[in-house]
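Open the model in a viewer and keep the selection tool at hand.

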Amino acid sequence: MSRLLLPLVLGCAMSAAAQTTATATDPQKVIADAHRQLDHGQYDEAIVQLQKLQQEQSAIEGLVREIGIAYYKKGDYLSAIRYLKQATKQNEKDSEAVQLLGLSYYLSGKPQDAIPLLEKVQTWFPSANVDASYILGICYIHLKNYDQARGAFAQMFDVKRDSAASYLFTARMLLRQEYDPVAEEYAQKAIALEPTLPLAHYLLGELHLYKSRVPEAIEDFRKELNLNPSYAPAYYKLADAYSRVQKYDDAERLLQRSIWLDATTTGPYILLGKVLEKKGEPLLALRALQHAASMDPKNPITHHLLGQSYRDLGKSDDAERELKLAEELQNKQNENR
């Protein structure tokens with residue numbers, strides 16, 4: 001090779017080598033960029049980056065963990081399980097990976113697989129993670145292991161396992177999951193253990209009202225108010241019960257008390273509008289409902305009731321506007337479900 005060409009060839013080779021070095025993938029930079037994308041909701045972009053890095057440098061420690069967490073944040077729990085299982089095999093003491101794997105199992109409808117993982121997390125951090133305790137309790141409920149669920153909720157709320165409070169907390173969670181008979185049993189147990197426990201009678205009242213057992217609900221809410229006379233929701237719920245047996249004067253009086261104690265929720269104003277409408281006072285009903293609409297303009301029930309009030313007042317144009325708006329809002333809610 002010509003001596004004149006040799007420096008040129010060497011120079012090109014050195015330049016290519018330098019360029020290769022300069023463009024080599026920096027794992028820490030890719031992972032940091034992926035974290036920023038995840039923080040901004042760019043889940044697919046982050047996953048693509050991380051998987052490309054895995055193809056190039058599969059031996060990077062903790063990379064499958066990063067991909068699993070990215071899939072978890074995206075809400076693709078089946079994919080998250082695949083990667084997080086690998087991560088926990090690589091490091092059995094990775095508490096975050098174990099916890100997220102358990103949560104992924106739960107969120108993909110596999111509570112029986114979630115339980116041992118979430119139990120393990122609790123043994124590591126007995127009082128550290130409320131989410132894990134909550135999901136563990138819900139998993140136990142789905143498997144009808146109610147006493148174990150009570151233990152999880154007792155730990156979550158830092159109360160004794162066999163206390164009245166633990167039964168009440170579990171009753172509330174059971175009611176939310178629509179395990180009504182067991183919820184009633186646990187609420188009754190809470191009251192038996194501590195007859196003056198706040199909100200136990202209230203929970204029973206909610207359950208009985210939901211089941212249209214109105215006389216029992218009325219008794220429950222009255223008992224709650226005897227124990228807890230400043231609790232605004234109890235007045236509201238008792239008024240609801242009275243309205244169902246057409247005791248509208250009693251309902252109106254209780255709703256006014258509820259609003260005096262707490263004017264920040266729309267429920268009492270909406271129910272007050274309905275009660276006043278039933279009493280034949282559409283103008284007063286209109287005022288209550290207009291106030292509710294100003295607090296929550298997107299509630300279709302409020303606008304439907306406003307339409308009825310306007311109709312009773314002979315304001316057909318206003319009634320048509322409100323009823324049309326109520327229908328539009330209801331359709332939007334149905335689409336978003």
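In which helix is the place of Asp-39? Select residues 27-39: this is helix H2, and Asp-39 is in it. Bear in mind throughout that the model is predicted.

**Stop 1: Asp-39**

Asp-39 counts as exposed because its relative accessibility is 62%, and the cut-off for exposed is over 50%. Asp-39 and Lys-73 are 34 residues apart in sequence, yet their C-alpha atoms are 9.5 Å apart in space.

**Stop 2**

Which residues form salt bridges with Asp-33? One is Lys-29, with the closest N and O atoms 3.1 Å apart. Another is Arg-36, where the closest N and O atoms are 2.1 Å apart. Side chains of opposite charge can pair when their charged atoms come close.

Both pairs lie within H2: Asp-33 and Lys-29 are four residues apart, about one turn of the helix, and Arg-36 and Asp-33 are three residues apart, also about one turn. Is Asp-33 buried or exposed? Its relative accessibility is 18%, so Asp-33 counts as buried; the limit for buried is under 20%. Arg-36, at 46%, counts as partly exposed.

**Stop 3: H12 against H14**

Select residues 200-210, helix H12, and residues 232-244, helix H14. The two axes come within 11 Å and cross at roughly 30 degrees. H12 is therefore roughly parallel to H14, since angles under 35 degrees count as such. The crossing of H12 past H14 is left-handed.

Next, show the side chains at the contact. From H12, pick Tyr-202, Glu-206 and Leu-209; these meet Pro-233, Ala-234, Lys-237, Asp-240, Ala-241 and Arg-244 in H14. Colour these residues by type: five are nonpolar, four are charged and none is polar.

**Stop 4: A salt-bridge network**

Select Asp-249, Glu-252, Lys-279 and Glu-281. Salt bridges link these four residues in a network.

**Stop 5: Arg-321 and Glu-322**

Finish on Arg-321 and Glu-322, whose side chains meet in a salt bridge at 3.1 Å, N to O. How do the two partners stand in accessibility? Arg-321 is partly exposed, with a relative accessible area of 43%, whereas Glu-322 is buried, at 8%. For the model overall, the count of salt bridges comes to 19.

Technical notes
Residues numbered from 1 in each chain as written. Predicted model: local features only at pLDDT ≥ 70, side-chain atom pairs only at ≥ 80, totals over all residues. Heavy atoms only, no water. Helix = DSSP H or I, 4+ residues; strand = E, 2+ residues; numbered from the N terminus. Buried < 20%, exposed > 50% of the residue type's maximum accessible area, 1.4 Å probe, protein only. Axes fitted to C-alpha atoms, helices over the stretch in contact; angles between N-to-C directions. Parallel < 35°, antiparallel > 145°, perpendicular 65-115°, else oblique. Left-handed = near helix turned anticlockwise from the far one by under 90°. Contact = heavy atoms within 4.5 Å. Nonpolar A, V, L, I, M, F, W, Y, C, P; charged D, E, K, R; others polar.
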